[in-house]
Amino acid sequence: MRRFLIAACVVAVVFPSAAQKRPFTFEDMMKLKRVEEPVVSPDGKWVLFAAVDVDLTANTKTPHVWVVPLDTHVSQKRGDPSTTLRAGVGHPAKAGSSAPQDDGTTGGGKREIISDQDAERLRWAPDGKRFAFVSTKEGGSQIWIADFDGATGTVTGKRRLTHIATEADGELWSPDGKNILFVSNVYPECDGAPAEEAACNGQKLKQSKESKVSAQIFTHLLYRHWNAYKEGRRSHLFVIAIGVCGDDRRRALLDRTAEGGCLHTSPRDLTAGDHDAPPFHLGGQDMYAFSPDGQEICFTSNHDEDQATSTNNDLFTVPVNGGPAKNITADNKAGDETPLYSPDGKYIAYRAQARAGYESDRWRLMLYDRKAAEKKDLTDDFEQWVGSFAWSPDSKAIYFSSEHLRHQIIYAVETSSKVTTEKGKAEFLRRAIVGGFNDDLAVSPDGKTLAFTRMSVTAPNEIYEADVRGDGCPARTGDVDRGQENCSLNKEWLLTSLNEQLLSQTDMSSAEAFGFTGAHGDWVEGSLVKPPNFDLNKKYPMKFLIHGGPQQAWGDDWSYRWNPELFAADGYVVIMINFHGSTGYGQKFIDAINGDWGGAPFEDLMKGLDYAEQQYPFIDKDRECALGASYGGYMVNWILGHTNRFKCLVSHDGMFNTESQWGTTEELWFPEREFKGTPYTNRELYRKWSPHLFATNFKTPTLVVHGQLDYRLDVSAGFQLFTTLQRMGVPSKMLYFRDEGHWVLKPQNSQLWYKTVNEWVDRWVKK
């Protein structure tokens, strides 16, 4: 086992004793502030972030703006770092170790600065005297501007920037301060001069809302996506001018006539046409960016004719002042996205995949030379996926996050320096610099500090900072390089601790890692969460959680939808297995699930459960329930027909009939890749792994959960499963949400979900 030696500063903090603490509750979870990405001010003194407040009674989630000085340097306790990286495949992580945890001290000077309206998606103006944000205060999503006093860290005024009928979101301030870029879902046929386009979109939107006919006509696939119908609209990027009016002390926005003789301008559509720019994506880094001089943008778009079967996102550049768009990644038929210009303007960094039609191919970090129009892969032999990333101010390095086992490490890669490997190959120098489960990277203007979010299984996001000047640990493949085991990660500090007062009152345990030999003789990792007031001499019932994706993983991270601590809180041991197909263990491990949905993953799960029952005598193997959603729901349905070892099952949004699911989903590239064709070209494989064909074996009591607005896994799958269970005489219940999609997001719906699921499990396994 190779380890990192991590130096840390620790302060003394008094916490309630274990006897004084209480189990974590759903109500506790709803009281937590949900911290979003940090945004560093241009002068490097402040960090803005939004924190979402949940009102369970009102059934609302409302983001508000907070600020904290960047150089607070609040230290935190450190856990055993031995799980941070692993040198070689097959070396299990040490059980009981965890990512660093918040020590409960308060970040100096953090405070809420916009509390009288919803506000999120914060972006600084280049002068640091203003920032933009998104708000629905006056109906619909629009861009607002706040004036900021850098001396006191306070907001001195707010005003609305956009008044666009099709709403606005995703804003970016141009580096020259002259424009703001934003996204709006518009009708592509409304093309023309800015004022004419705006009037056309407004009129068509009004007609749609007032029409007594709700029917739609489709002429191509991908007419609905995830939880909404497209309704003939496309996401486009708009730019709106912003400037100074009158004397320099009184700024005015140029989107409407203002006092002092300001000119009237309308937002201009930079990506006109019948394409989404940017395409739909599930959060993460922006799919577009400004050049450093503010004269060009680079954006992501898919121009393939059949977008339901295509993952071929490309990068395009277009002048801000108008002109044709240029495709700079047309040579790659797989995904290219999340462009980010280097501060010196020479390069565009972006993420790319190599295999067309495969959304779970490895994400690489690419560098495009704007002058030479050449590309190079900065992570050629790096085994893991590249996540979010940020440039150093001197353009010499890029910091990026990447899953590694149950963690999400921050790495640095030099954009010019190369090292020679043991095999004599030249590679770009890559270093691991921060451990834990991290995301949302932002670099200070002086290049010395990195701000980021961190979570763990025992705590949601908080904001941290790290000194990027440390050497870190050489990690060209993701694991620490051989012979470099006694290295140290960079020094880091906690900036915020918005939830520590509440969390310090609850009894939660870290996720303990364990490893075993799974399918194909491969090392497979699992984790265990113990219940509150744990007694080693007692026997506990067990909840066996199965993750979705399937190309995802259980990590040392926080979840509001499938929270292991909340599942354990009422007296259960929770077990989670990262079976073949899970991320963080190399692309070969991910690819192993293709065409083998009920094979190696099922074997891993059963062997992992066998291992846990043997190694942890406090697990009562006669009182176990398996629960899963998405692919986890599919696997629960597969388990239903292949083993009776569980006392109950919970299937949420699970695929039941693989053939009918192909015809009702929207992203066809997914089933056609996983099952190697269509049901008409490869019916044998679809039927081999279809749970519905094993219905005569169904015996285990099962709770079925599905949402009407789930278009990834259509609600018909849930209805088919429930009908089958009822007709087979299997004890069953269905929880149906008419206003939820693939995820249950509304606070009161979430409360009902947890209550129904936990009561179902209690009914069958709790004495």
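This is a predicted model: local features need pLDDT of at least 70, side-chain atom pairs count only at pLDDT 80 or more; totals for chains, interfaces and linings use all residues.
1. Phenylalanine 133 counts as buried, since its relative accessibility is 0%.

2. Aromatic pairs number 51 when the whole structure is searched. In one of them, the ring centres of phenylalanine 133 and tryptophan 144 lie 6.3 Å apart and the ring planes meet at 25°, so this pair is stacked. A stacked pair is one whose planes are under 30 degrees apart. The two residues are eleven apart and belong to distant parts of the chain: phenylalanine 133 is in strand β8 (residues 130–135), and tryptophan 144 is in strand β9 (residues 142–149).

3. Strands β8 and β9 belong to an open sheet of four strands, ordered β7-β8-β9-β10, with antiparallel pairing. At the edges are β7 (120–124) and β10 (154–160), each of which pairs on one side only. With direction ignored, neighbouring strands of this sheet are turned against each other by 25° on average. Three bridges join β7 and β8 in the antiparallel sense. Tryptophan 124 has phenylalanine 131 in β8 as its bridge partner.

4. Two arginines are placed over aromatic rings. The ring of tyrosine 187 has the charged end of arginine 233 over it, 5.7 Å from the ring centre. Arginine 712 lies over the face of tryptophan 226, and here the distance to the ring centre is 5.2 Å.

5. One aromatic cluster is formed by Phe579, Trp597, Tyr631, Tyr634, Trp638, Phe670, Phe675, Tyr686, Trp689 and Phe694.

6. The largest nonpolar core has 56 residues, and the members that touch the most others are Phe544, Ile575, Trp597, Ile619 and Met635. Helix α7 (residues 631–640) supplies the largest share of this core, seven residues. Once neighbours within four places in sequence are set aside, methionine 635 is in contact with Ile546, Trp597, Gly598, Pro601, Phe602 and Leu605. Another core, of 43 residues, lies apart from the largest one and includes Met30, Ala568, Ala629 and Tyr754. As background, nonpolar side chains in soluble globular proteins tend to be buried together.

7. Strand β41 (residues 648–652) has five of its five residues buried, so it is largely enclosed by the rest of the structure. Cys648, Val650 and His652 point one way from the strand, whereas Leu649 and Ser651 point the other way, and all are buried. In a regular strand the side chains alternate between the two faces of the sheet.

8. What is the sense of the pairing between strand β40 (residues 619–629) and β41? It is parallel, and the two strands pair over five bridges. Within this part of the model, cysteine 625 stands opposite cysteine 648 in β41.

9. Of the 767 residues, 60% are buried. Taking contacts between residues at least 6 apart in sequence, 64% join residues at least 24 apart.

Notes. Residues are numbered from 1 along each chain as its sequence is written. Side-chain values use heavy atoms; hydrogens and water are left out. Rings of Phe, Tyr and Trp (its six-membered ring) pair if their centres lie within 6.5 Å; planes under 30 degrees apart count as stacked, over 60 as edge-to-face and the rest as tilted. Buried means under 20% relative accessible area, exposed over 50%, partly exposed in between (1.4 Å probe, protein chains only). A charge sits over a ring if NZ of Lys or CZ of Arg is within 6 Å of the ring centre and within 35 degrees of the ring normal. Two strands pair if DSSP finds at least two bridges between them. Axes are lines fitted to C-alpha atoms, for helices over the stretch in contact, and angles run from 0 to 180 degrees between N-to-C directions. A nonpolar core is a set of buried Ala, Val, Leu, Ile, Met, Phe, Trp, Tyr and Cys residues joined through side-chain atoms within 4.5 Å. Contact means heavy atoms within 4.5 Å.
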